[in-house]
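Thanks for coming. I will go through one structure this morning, starting with some segments of one chain and ending with the place where two chains meet.

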Amino acid sequence: MSLVDDPRGALADLTRPEAWVLGVSAAFALFLFVSLLTGALGPSYFLFLVGLAGMYALLSFGLNAQWGFTGLINFSVAAFFGIGAYGSALMTASSSPIAGGFNPLVGLAVALVVAFVLALLIGIPTLRLRADYLAIASLGLAEVVRLIVLNERWLTNGSGGVRGIPGFFQGWPVLSTFPEAMPGLRLEVIPGSPVLLETAFWQASLNVLLVLMFAGAVYFVLHRAHQSPWGRVLRTIRSDEDLARALGKNTYSFKMQSFILGSLIMALAGVFYTHLNLYVGPGDLDPITTFYAWVAVILGGSGSNRGALFGGIVIVTIREGTRFLNDAAALPIDPAPLRLLLIGVVIVAVMRYRPQGVLPPQRELIWPSAVDGGGTPDTPESGVREQKGGGGDE
Amino acid sequence: MTVLGYLANGLVYSSIIVLGSIGLSLVYSIADFANFAHGDTMTIGAYSAFVTLSAISAVGGLGGTVLGLPYGFFPALVVGIAVAAVVAIGTEKLIYEPLDVDSIGLLITSIGIAFIYRAAVQIRFGSDVTRFDIPALRPIEALVPYGVRVTLHDVAIVGSAAVLVVGLHVLLQYTDLGRKMRAMADNPDLARVSGIRTKRVKLWTWVIGAGLAGAGGVFLGLFNQLSPRMGFNLLLVIFAAVILGGIGSVYGAMAGGLLIGMITQLTPVFSNVIEALPIWPGWLATLLENLISIEYANAIAFVIMVVVLLVRPNGIAGEGAT
């Protein structure tokens, strides 16, 4: 029932919220396209936004692997994001207070290793805790990480942050010179407002390519993991940890695996951010980053990867939309509190009117072959039903 | 400063933490969720008092001063407490009560509420730091020879906090409402079948908890300064205090608040002690000297919090010692 084979059937299969999301997304994409053509939105900036949305989607994927799959309330997203960003920035930047100047691939590897160690350090003490204690403890430890990054100037350059970071494809055979090599294009769709495609545009499109690769790989891994027996154990832990124990599962070990998986994905988002933004500072470890990821996940639907993708796009719209409103409409309100207000309102509204999120996991929990002939199955609420439906993979 | 001086500072800071942690602990045990909006309730209290004080000063003030505070400060304090309580009740009625989610859902909702509070303050007052319209005082001369540098304002903070804490103790132990609250904290279902109107008790809990938070916010503004992030920055320290004391235990929260406040303010003393101690090997000594410094005062509190959660999840006061 893919969109290619049977577009009409696939459309008819959509649930109401899915149809809504599809409609709104299409309208939004059209709006962006028109702004691009008329020159209201610079193409390089647009690609930067796409990269940012991909980054938030990655963060949300990571959190989804922890909260959506296993029910771990991790409030230290910002710490892993920041460690990933700092790890690669410190290894690659020319102004790095330590070594620096390495290939970005080395930075990627170092960032992932450091994030792995940090996940163990945070996970070992906190994963045995009750859910709400885990929330508080992980937020506290994230603050500890932030304070260390802020104060250990010899390592991180303190509040000054790290500059002079190269693009991710620096030192690669063809890609490192690709942006300069491409000719500057001049498209004139609407007379009088030409759209220029220059070096910055090609640079940004490389970044988008990178984030698409990262996000695609992560999505594939998570999708497989979610449907695997391993993923079913995680879902059992989420709905009833005692039951999982009674079935002979070492829940602590499973929680740790899911925590590490999620943390590595968050660090990957950090690595990408480093090469997108080309500057990393202690402000990037602010708890607000954690809550951005949380909003994306609960808005999209806990446990749902495409929901996380949708949530990531909404977050970027809120983040950059407030800035745009401030520039364009000259609102008397500073964008920072407005953004905070919107985030707060979104959290409360979702919890009030749709606690399961906009796109809760439905058919992505079960193999397509398990659904007989078309028609939308009821939302599987309990683990039992998911297991009956998804039993074909063993 | 001498150890005595740091202790005195610690006492002042602790009073503020205690006011915050009692409210958080009460709400935690009776409304049954970790309220992440508690810190921002303090901010609201502080800014309400700020507005009131400015209004009173604008009409010429109320004359004399007590403990270096103009008379106008006290109505401002009351307004701060009242506004915090009213906002908390409004939030409970409008947001929390109609929600159909578990305690984790409430926790996440409270983060949204915290953002809304902070955004409201920031939109109205901007993100800059402000101060109460009260002249700063010099430290009390008589105490300076002992190395204690506290102002009359600090004395007022400790005194008022003590009055509020004693008042709460009397309320909990000797009034009907207090007995109902303790019953509800202990076992909400049992309390309900015994004929306690649990909804009403919950509302009173919000009034008391948020009121104390409002007072704490006003004192925090007097002790440091006001900024939209003041409450959120203190929130984790308050959580540390509540957890150290044992969630659900009001007296534990008081003890935890006192301890955490003292520990964060005494960090310089600890670092002096570490420097004086002959620690071997050398790298360990350097590491400890680096980590136990004033920049890491809060981090130390958070680490203590995690250790307490692991070793003694019921806190120092144990379960159900309300």
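Helices here are DSSP runs of H or I with at least four residues, strands are runs of E with at least two, and both are numbered from the N terminus. Before going on, note that this is a predicted model, in which local features need pLDDT of at least 70 and side-chain atom pairs count only at pLDDT 80 or more, while totals for chains, interfaces and linings use all residues. Residues are numbered from 1 along each chain as its sequence is written, and chains are lettered from A and ligands numbered from 1 in the order in which they are written.

Now chain B. It has 13 helices and two strands. Its radius of gyration is 20 Å, close to the 20 Å that the globule rule gives for 322 residues, so chain B is as compact as a globular protein of that length. That radius is taken over C-alpha atoms, and the rule is 2.2 Å times the number of residues to the power 0.38. The C-alpha trace of chain B spans about 60 × 55 × 40 Å along its principal axes.

Next, helix pairs in chain B. How do H1(B) and H8(B) run relative to each other? The axes of H1 (residues 3-30) and H8 (residues 198-223) of chain B come within 8 Å and cross at roughly 160 degrees. Axes are lines fitted to C-alpha atoms, for helices over the stretch in contact, and angles run from 0 to 180 degrees between N-to-C directions. H1(B) and H8(B) are therefore roughly antiparallel; the cut-offs are under 35 degrees for roughly parallel, over 145 for roughly antiparallel, 65 to 115 for roughly perpendicular, and oblique for the rest.

In H2 (residues 38-58) and H3 (residues 73-96) of chain B, the axes come within 7 Å and cross at roughly 140 degrees. That makes H2(B) and H3(B) oblique to each other. Among the H2(B) residues in this contact are B:Thr41, B:Ile44 and B:Gly45, and H3(B) residues include B:Phe73 and B:Pro75. Contact means that the C-beta atoms, placed from the backbone, lie within 7 Å.

For H10 (residues 250-265) and H13 (residues 297-311) of chain B, the axes come within 8 Å, again crossing at roughly 140 degrees. H10(B) and H13(B) are therefore oblique too. On the H10(B) side are B:Ile260, B:Ile263 and B:Thr264, which meet residues of H13(B) including B:Ala297 and B:Asn298.

Last, the two chains together. 33 residues of chain A are in contact with 36 residues of chain B. Helices H5 (104-126), H6 (131-151), H13 (287-300) and H15 (335-353) of chain A each give two or more residues to that side. The largest share, 13 residues, comes from H6(A).

Key:
Two residues are in contact if their C-beta atoms, placed from the backbone, lie within 7 Å.
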